[in-house]
Amino acid sequence: MPEKEPMENKPIYIGRDSDAFPRRLLHMADPPKGLYVIGTLPADDLPSVAIVGSRMCSPYGRRIACRFGMELAAQGVQIISGMALGIDGHAHEGALASGGRTFAVLGCGADICYPEKNRTLYQEIPKKGGILSEEPPGTLPLPYHFPKRNRIISGLSDLVIVVEARKKSGSLITADAALEQGRTVMAVPGRVGDALSEGTNHLLAQGAEIAWSVQSVLDILLPLHEAQKRTKKSSVWPSKAGNEQLSLRLEEENRPDGSKDAFEDGESRLSRAVKSGTLSALAADICRILAVDDRTFDDLAEMLSANAGSLSSALLELQLGGFIEEAAGCYTLSGNGAR
Amino acid sequence: MFQNVISAAIRGLEILPVHVETDVSNGFPQFRMVGFVTSQVREAEDRVRTALRNVDIVLPPKRITVNLSPADVPKSGSRFDLPIALGILAAARMIPPASLTNVMAVGELSLSGSLAPVTGILPIAVKAKELGIGSLLIPAANLREGRIVEGLDVIGFRDLPEVLAFLSKGVRPKEEDAASLPTPLNIYDVDFSDIRGQYRLKRAAEIAAAGFHNLLMEGPPGAGKTMAARRFPTILPSLTADESLEISQIYSVAGLLVPERPILGVRPFRSPHHTLSPAALAGGGRIPRPGELTLAHRGVLFLDEMPEFSRSALETLRQPLEDREIVISRAMGTYRFPANFLLVAAMNPCPCGYYPDMNRCRCSANAISAYRSRISQALLDRMDLFVAVRAMRYEELTGSDTAKTPEPSARIRDRVEKVRGLQQARFSGTGIRFNSEIPASRLPELCPIDAETDTLLSRAFSVLHLSARAYHRILRVSRTIADLDESERIRKKHVEEAIDYRPRVLGSGPDEEYRP
């Protein structure tokens, strides 16, 4: 049973008629009567993106959620999610890591930390954003609250990114709600045959935008926000100057060598390391193989005819350098989405 | 008249000499037995009386008192039947009392007067020799076991008349096959060459065997964890004579020695089922008997499906993993059992076993978290080597993709023996046997590292969030890896490999593995 938080975490109630109430929510068909908040509410004049997905995610989904959360937040985008285990939590984590603003919409009272395991997030999020809930304090996390909660997540965002979802996933409810509210839905493509990519690939087939890089998200997000600015006639953020500033920051931070995309960061760092000779020959060979596909220890041992001892040593060298990652005996190149 | 016969009681694994004092005097005919005896010993009265009658010895109608001294040591078991019978006969002057000086006797009597085998003969013989006993009288069925101890006259008897003939006329019983000293048997019907692929697992097993490091395997069902564990004894370093005698004594007390080959030639491999109780693991009973931890002494304790063991059973492992012995306290005193074993454990990553294969795993995050948290961090901290085992592909299983035949156990074992030799030379006179036993205080001296390796370790600590205890573990494993490499110095690559075997299961859910 989730425990109540101490009194200093008492949520504040913001009614629908209050000026502070997020204007994005007023455009919904069934807006909440009000919101209970710990921390702050998402600003109306900053772009905001929802990142949602499966609770049980793969290492790939985890990397992508964290990466999107981190990089988008660093660009001044507000990250909205549900603080659930898996994708939601990792998106928040990424946003917090870059010091950006992030908001969690809960399916229980805002004074209850659910799931218990995300206590750190629950404590950190209000410092940089807020914990939001439509339910009065003390409401328990009951299953039927969550679809209701999902419509607020999409309602608060300009754009919804689904990172990983099974065929029947709660994240698809969020996507549906987003479409009803006229929000753009983006999906992260996955491998055909992966259960966790069935939902997202299905969304893509139905016409969702492809979220294949941070830039691809920004490319869609900025014009959307521009348009919204015109309809809402809001003054502060997406002023022309602000927009220019944002793109400028993108130029500087994400395209250090004037090249394509942030996702290639890891790889270029790797190729630099190979060229400068800081990596051992075996480690460089491992990277060449992993660049094509993920491999197990046995695969690598056979393809490289290396003995187990020196292979372990080279793999650790790469892990410490942040070039590769390991999950349950399978090795992946970090350049494919992380760090 | 009074007679004293020496026998022996077992207290834990310790043998205590017991004086069976018998007094036969005039008075109302009765049989009394005193001296902290359990009901098993009390029943000796009926067995002795009937056995004597059935070999045509009629006890005089006198008052018989038997005292088992020291009276503050609890005595159990049936091994006092023979000394009690001999005490009565000598006190009644039916055998010459002098024949029982410097003699120790143990054995159970059957109603027909024949002698039945008892447990604990080996440690009793060791103790008898220590005490300077001249001859040890035991049941014939225990003769092979008793004869393992040299420099002691061990005589085996089939029945009571043989004992009487020996004591009164000096006639030694006929020995059928001259009970020759058995040769240790160490032949296995499994071999590491049965396992294709799994290079990392095999390498880890080799390191574990060479330095006696604990090994944890995690992987989906059918990946080959149990198969590898079953083959683990085939690469263990051989037993020394001392070790063999030490563990054979434990098995003797537990009654687990095979009469035909009553000395263990190979290291024990214990694989208890996961339903076992903490008492069965640690040693239980009012007078505790050795449990699985002690039976695995100097050998391997294999826990298959580790999270399925009860939490209390798993926590029982912690003290012996640290102290290499287990201390059990009972109302009658504290018992110490040796428990210096190598722990090999296998576990599934989640209740269904397939996580993180998300196409097959249907476990919820909470279920995975709950499953993993059954293994406490304290226990994980004591695992030196961790290997994630992958399920095999068909080509790997059939070996059609590689012509190479896997290395046989004998070759791996040669390398293990070599490393064992290095360790014996390094630790001679210190009481340490394997690298895993190096105390933290002696690590800087025995596992020195250079500046380059130190940089690596400090980097690994910040990047991989290692614990302080992990540092010692990594150094000990590095020492073994360097030994396998026949390198006196511990080099950077050795430490790198050792770090790569760090435990990855955090005792938590899948979410906490990653920090941005």
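Trainee: Which residues does Glu497(B) touch, not counting residues up to four places away in sequence?

Mentor: Bearing in mind that this is a predicted model, Glu497(B) touches Gly309(A), Ser312(A) and Ser313(A), together with Ile481(B), once residues up to four places away in sequence are left out. Ile481(B) is 16 residues away from Glu497(B) along the chain, and the C-alpha atoms of the two are separated by 8.0 Å.

Trainee: Is Glu497(B) buried or exposed?

Mentor: Glu497(B) counts as buried, because it has 28 C-beta neighbours inside 10 Å, and the cut-off for that class is 20 or more.

Trainee: Which residues meet between α13(A) and α21(B)?

Mentor: From α13(A) there are Gly309(A), Ser310(A), Ser312(A), Ser313(A), Leu315(A), Leu316(A) and Glu317(A), and from α21(B) they meet Lys493(B), Glu496(B), Glu497(B), Ile499(B) and Asp500(B). By class, the residues of this contact divide into three nonpolar, four polar and five charged.

Trainee: Zooming out, how many residues does each chain put into the contact?

Mentor: Chain A contributes 34 residues and chain B contributes 29 residues. On the chain A side, α2 (59-74), α3 (87-97), α12 (297-304) and α13 each supply at least two residues, and α13(A) gives the most, with nine residues. The side of chain A that touches chain B divides into 16 nonpolar, ten polar and eight charged residues.

Trainee: Staying in chain A, what is the strand order in the open sheet of three strands?

Mentor: The order is β10-β12-β11, with antiparallel pairing. β10 (295-296) and β11 (324-327) of chain A stand at the edges with a single partner strand each, so one side of each is left without a neighbour in the sheet. β11(A) pairs with strand β12 (residues 330-333) of chain A over four bridges, and Glu326(A) stands opposite Tyr331(A) in β12(A).

Trainee: Which helix lies across β10, β11 and β12 of chain A?

Mentor: That is helix α11 (residues 281-292) of chain A, which runs at about 85° to β12(A).

Trainee: Back to chain B, then: how is chain B divided into domains?

Mentor: Chain B, which has 21 helices and 16 strands, is divided into domain 1 (2-169) and domain 2 (192-425 + 434-500). The C-alpha centres of these two domains of chain B lie 44 Å apart, while the C-alpha atoms of chain B fill a box of roughly 90 × 45 × 45 Å along the principal axes.

Trainee: How many residues of domain 1 and domain 2 of chain B are in contact?

Mentor: There are 16 residues of domain 1 in contact with 17 residues of domain 2 in chain B. On the domain 1 side, α4 (121-131) and α5 (143-146) of chain B each supply at least two residues, with α4(B) giving the most, four residues. That side of domain 1 of chain B has ten nonpolar, four polar and two charged residues.

Methods
Residues numbered from 1 in each chain as written. Chains lettered and ligands numbered in written order. Predicted model: local features only at pLDDT ≥ 70, side-chain atom pairs only at ≥ 80, totals over all residues. Contact = placed C-beta atoms within 7 Å. Nonpolar A, V, L, I, M, F, W, Y, C, P; charged D, E, K, R; others polar. Domains from an automatic or database assignment. Buried ≥ 20, exposed ≤ 12 C-beta atoms within 10 Å, placed from the backbone. Pairing = 2+ DSSP bridges. Axes fitted to C-alpha atoms, helices over the stretch in contact; angles between N-to-C directions.
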